[in-house]
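Here is a short report on a protein model.

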Amino acid sequence: MELLQTLRNVVVLLHLVGFAVLFGAWVVEAAARRYQATRVMNLGLLVAAVAGLALAAPWGLDGDLNYTKIGIKLVVLVVIGALIGISSSRARKGSPMPAGVFWLVGALTLFNAGIAVLW
């Protein structure tokens, strides 16, 4: 059981690293006033999503999973991914990301982390 708990803790760490990469890349772009999605944001989103899905699996440890929380976090993650994907597609066509969408990505990313910590 101890090995399983250690493995789960490593996955939690990877999930946090994914969030940090996503939010950190967003903060860098916000500070530079470049309202655009980047590959680093996509990478952070991917790491957070894969680790989050792994955490949503039953690990055989004590305690029940909060499926409502998992569902809400997944929906928010999909919305963030959609906004980043649409913005990346628009950027390839030469159309900038609307500032409101950029700020929404940051707010939703922080909201998703807040759900994880405060719920």
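This is a predicted model: local features need pLDDT of at least 70, side-chain atom pairs count only at pLDDT 80 or more; totals for chains, interfaces and linings use all residues.

Residues are numbered from 1 along each chain as its sequence is written, and side-chain values use heavy atoms, with hydrogens and water left out.

**Overall build**

The protein has four helices and zero strands. Its pattern along the sequence is α-α-α-α. Helices (H or I, at least four residues) and strands (E, at least two) are DSSP runs, numbered from the N terminus. The C-alpha trace spans about 50 × 25 × 25 Å along its principal axes.

Of the 119 residues, 31% count as buried. Buried means under 20% relative accessible area, exposed over 50%, and partly exposed in between (1.4 Å probe, protein chains only). Among contacts (heavy atoms within 4.5 Å) with a separation of 6 or more, 73% come from residues 24 or more positions apart.

**Helix α3**

Helix α3 (residues 67-92) has 26 residues. From first C-alpha to last it reaches 37 Å, close to the 38 Å expected at 1.5 Å a residue. That expected span is 1.5 Å times one less than the number of residues. Buried residues of α3 include Lys69, Lys73, Val76 and Leu77. The buried residues of α3 pack against α1, α2 (39-56) and α4. Just after α3, glycine 94 takes a positive phi of about 90°.

**Aromatic rings**

The structure holds seven aromatic pairs. Rings of Phe, Tyr and Trp (its six-membered ring) pair if their centres lie within 6.5 Å; planes under 30 degrees apart count as stacked, over 60 as edge-to-face and the rest as tilted. Two of the stacked pairs share tryptophan 26.

| Pair | Centre to centre | Angle between planes |
|---|---|---|
| Phenylalanine 23 and tryptophan 26 | 5.6 Å | 20° |
| Tryptophan 26 and phenylalanine 102 | 5.2 Å | 20° |

Phenylalanine 23 and tryptophan 26 both lie in helix α1 (residues 2-31), three residues apart, about one turn of the helix. An α-helix has 3.6 residues a turn, so residues three or four places apart point the same way.

Tryptophan 26 is buried, with a relative accessible area of 9%. Phenylalanine 102 is buried too. Tryptophan 26 lies in helix α1 and phenylalanine 102 in helix α4 (residues 99-118), so their pair ties together parts 76 residues apart in sequence. Ring pairs link Phe19, Phe23, Trp26, Tyr35, Phe102 and Trp103 into a cluster.
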